[in-house]
Amino acid sequence: MKNIGVFISGGGSNLQAIIDAIDNGDIKARISLVISSREGVYGLERARERSIPYAVVSKGDYRDSNSFGNAILKHLEEGRVDMVVLAGYLNILPREVIEKFRNRIINVHPSLIPAFCGQGYYGKRVHQAVLDHGVKITGATVHFVDEGTDTGPIIMQKPVEVLPEDDINTLAERVLKVEHQLLPKALKLLVEDRILVDGRRVIIS
Ligand code: GRF
């Protein structure tokens, strides 16, 4: 059975969506490790409730990216992690981790990449930019993680309509619900080895 490592930085509602998909038998794998970028976030409570081993690996505790990356890799090795899910994780993963887990790290982003993504576009800032620009359609994207920020090959996307009466909170809530559907679906494909990456194109079998 494949081991999944889930990285969080906050409430962990996407982590919970994965936990629920495993509990209902949809994803036949186990979460062997949760890594949080900081202490005291509710996502760690969710891990504790399910007795999932967790670690806090804070970038600020390491003198450079290399030692930060090695610390992450050590935890992933201990957890015998086969694939990684970034679920509301706010750090950029060091190169060593990306290289070791090439096309085995997926991330969920709350917009239709390549719109409203990259440096500085995370959490509610994404939805603020969507509203400021006046687009009629936004959505959620699950993609592979490469050395860039939100630049890896796209696995799945789902649109979400922007309503005239939307504010950041109503929009964020509606997009988050779609993330909770999309992320487990993409992870299930990865667990079942049904994803082929051909350059920038992702073929699902
Ligand atoms: C949300 O803004 C979500 O859109 C993004 O990460 C943030 C927190 O998600 N993916 P979570 O509740 O911690 O999973």
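These legends walk you through several close-up views of a predicted model.

**View 1**
The ligand is surrounded by G10, G11, G12, S13, N14, A87, G88, V108, P110, G123, L176 and E179. The space that the ligand takes is the largest pocket. Two elements give two or more residues each to the shell: helix 1 (13–23) and helix 6 (168–191).

A polar side-chain atom of E179 lies 2.5 Å from an oxygen atom of the ligand. For S13, a polar side-chain atom is found 2.6 Å from a ligand oxygen atom. G11 takes part through its backbone: a polar backbone atom of G11 is 3.5 Å from an oxygen atom of the ligand. On its own, the ligand has 360 Å² of accessible area, and the protein covers 81% of it.

**View 1. V108, a residue of the ligand shell.**
V108 is one of the residues that surround the ligand, and it belongs to strand 5. Is V108 buried or exposed? V108 counts as buried because its relative accessible area is 7%, and the cut-off for buried is under 20%. Now follow the chain to H180. V108 and H180 are 72 residues apart along the chain, while their C-alpha atoms are separated by 9.3 Å.

**View 2. A cis peptide bond at P114.**
Next comes the loop between strand 5 (105–109) and helix 5 (124–133), where P114 is found. Which residue is joined to P114 by a cis peptide bond? The partner is I113, and omega of this bond is about 15 degrees.

F116 has its place in the loop between strand 5 and helix 5. Its phi is near 50 degrees, a positive value in a residue other than glycine. F116 counts as buried because its relative accessibility is 17%. C117 also lies in the loop between strand 5 and helix 5. With a relative accessibility of 16%, C117 is therefore classed as buried. How far apart in space are C117 and T149, C-alpha to C-alpha? They are 7.7 Å apart in space and 32 residues apart in sequence.

**View 3. R80, with a positive phi.**
This view turns to the loop between helix 3 (65–78) and strand 4 (83–86), which holds R80. Phi of R80 is near 50 degrees, a positive value for a residue that is not glycine. Is R80 buried or exposed? R80 counts as exposed because its relative accessibility is 61%, and exposed means over 50%.

**View 4. E39 and its distance to Q157.**
Our last stop is E39, in the loop between strand 2 (29–36) and helix 2 (42–49). At 61% relative accessibility, E39 is therefore counted as exposed. Where does Q157 stand relative to E39? From C-alpha to C-alpha, E39 and Q157 are 31 Å apart in space, and 118 residues separate them in sequence.

Notes:
Residues numbered from 1 in each chain as written. Predicted model: local features only at pLDDT ≥ 70, side-chain atom pairs only at ≥ 80, totals over all residues. Heavy atoms only, no water. Near = heavy atom within 4 Å. Polar contact = N/O pair within 3.5 Å; in protein donor to acceptor, adjacent residues only side chain to side chain. Areas by Shrake-Rupley, 256 points an atom, 1.4 Å probe, with all protein chains shown as cover. 1 Å grid on protein atoms, 1.4 Å probe; cavity = no way out; pocket = protein on both sides within 12 Å on 5 of 7 lines; lining within 4 Å. Sits in = over half its atoms within 2 Å of the grid points. Helix = DSSP H or I, 4+ residues; strand = E, 2+ residues; numbered from the N terminus. Buried < 20%, exposed > 50% of the residue type's maximum accessible area, 1.4 Å probe, protein only.
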